[in-house]
Amino acid sequence: MSHRQVLEAMSGLLLGLFVAVLSSTVVSNALPRILNDLHGGESAYTWVITAALLSLTASTPIWGKLSDLVSKKLLVQIALVIYIVSSALAGLSQNTGELIACRILQGIGAGGVTALAQICLAAMVPPRERGRYSGYFGAVFALATIGGPLIGGVIVDTSWLGWRWCFYVGIPFSLIAIAVLQRTLHLPVVKRRAKIDYLGALLVTAAVSLLMIWISLAGKNYAWLSWQTAAMVGGGLVLAVLFVFNESRAAEPIIPLALFRHRTVTLAALASILVGVGMYGATTFLSQYFQLAKEKSPTMAGILTLPMILGLAVSSMVAGRLITKYGRWKAYLVAGTFLLAVGFGLLGTVRSDTSYGLLSLYMAAAGIGLGLTMQNLVLAVQNTVPRHELGTASSVVTFFRTMGGAMGVSALGALLANRVTHYLTQNMAAAHVPPGAGAALGGGEIPDLHKLPAPFVPLVTDAFGHGVGMVFLVSAPFALLAFLVVLLIREVPLRTAHEEAAASPTLELVKEG
């Protein structure tokens, strides 16, 4: 494909990616208001995010496997249709249970779009040229991350719209993306008989879900050291072992174990888990910090995160162009994970009274680290595997990143709820507030600072500021481990042309219309 043809086809992919990322970011700043309206607490806040991440995680390898077998264009369009339907249903939710169920379906659609966008790019462009195009993906990711909270904040703050439009707003973009892809995306289709490993998808989803439920409830509904913990952790590990056993015997495994014979794939998958913990944690809990520790509106909360997002966008585009020019990528991974660890460590020092100047520097460091890391882990894997495994290998990286994010957000959300309760109890005791007066805080629900009695507000903002700081402090070691892992990845110069698929009489290549 010529440069112009690639850009035309990418326009639909980028629009779809924008919509997929928007599905998470548009609700981030609106969630405190949404859950206040639906009477949900910190646990519901966490699950609205992790439900979508979990279904995205489980569905990503299936989308990747399907992309190696059938029309990639059709799959992207199906994923966008799923997103449209689930968004419409989410906007009609009447309680947190319905909203979480709709978010599960939304995650399946978003997972298809995010995985297939990378896979389609890999099918269009050889690795050496892929760097500059990956930069566009990073920029769109940043744009959706910038625009999402701002759009969500404006919608929530506009009385004649309301929070339900946070879900409806992505539908028009999805319809346009479907039409653009139909006209511009033309890729080879591999036609062959295949079996999808649904049992593998079920086992890995059940394993991750059980561990996430344990993390969410432990320490609150039962003790960390209890029979419930033993049952859930033991059950999760048993399911994980069964998943590995199933993958070793499946005709078309959802995650082929043979991929991990490549050292780069194994290390990139591990680094993706560690980066995912921090990446989703940062975008999830910063909005709570600005709204509940800094008393900002949802719109302002989005604006105040700009240093992180601009750092991500600029670093992603600059690194992409430099990688294309020189064909080297490891240095950017090393620098990115190091900056991510430093940024999270610094964000771990924030409190409700931390100056915005310092916050901006800390967020920029974390954002630059993310921009140098996310796309380049995928690029490293795509440069390692044969062309006929591009779809599966690309989705494996996304799978582990979102799995790390899902479990990280669940664990960090549980930590935040625990720490906020702890610090709030301390603050109330120090202020000599009678224990019974705490009922004004809503019994564990996300508080609405505007409805609280004035004496309670500084107690709550201080507790949330300290709690969010603790979340980032715990995230920093994960980023540091990712730094150590990428040091072990062996750099292979990027290929300048697609590796030809091995000839096989069972494969029939046709051109998509």
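Predicted model: local features only at pLDDT ≥ 70, side-chain atom pairs only at ≥ 80, totals over all residues.
**Entry 1: Gln-77**

Gln-77 sits in helix α4. I then checked what Gln-77 touches, leaving aside neighbours within four places in sequence: Ile-178, Leu-181 and Gln-182 are in contact with Gln-77.

**Entry 2: α4 and α8**

Ile-178, Leu-181 and Gln-182 are among the α8 residues that meet α4, so I turned to the helix pair, given that α4 is roughly antiparallel to α8. I noted the geometry: the axes of α4 (residues 72–91) and α8 (residues 170–184) come within 9 Å and cross at roughly 165 degrees. The crossing of α4 past α8 is left-handed. On the α4 side I found residues including Lys-73, Val-76, Leu-80 and Ile-84; on the α8 side, residues including Gly-170, Ser-174 and Leu-175. I sorted the residues of this contact by type and got eleven nonpolar, five polar and one charged.

**Entry 3: nonpolar cores**

Which residues have the most contacts inside the largest nonpolar core? I found Met-124 and Leu-347, in a core of 156 residues. Helix α11 (residues 263–293) supplies the largest share of this core, 16 residues. I followed up Leu-347: not counting residues up to four places away in sequence, Leu-347 touches Met-308, Leu-359, Tyr-362, Met-363, Ala-366, Gly-469 and Phe-472. Another core, of six residues, lies apart from the largest one. I wrote down Ala-218, Tyr-222, Met-232 and Ala-414 as among its members.

Methods
Residues numbered from 1 in each chain as written. Heavy atoms only, no water. Axes fitted to C-alpha atoms, helices over the stretch in contact; angles between N-to-C directions. Helix = DSSP H or I, 4+ residues; strand = E, 2+ residues; numbered from the N terminus. Parallel < 35°, antiparallel > 145°, perpendicular 65-115°, else oblique. Left-handed = near helix turned anticlockwise from the far one by under 90°. Contact = heavy atoms within 4.5 Å. Nonpolar A, V, L, I, M, F, W, Y, C, P; charged D, E, K, R; others polar. Core = buried A, V, L, I, M, F, W, Y, C linked by side-chain atoms within 4.5 Å. Buried < 20%, exposed > 50% of the residue type's maximum accessible area, 1.4 Å probe, protein only.
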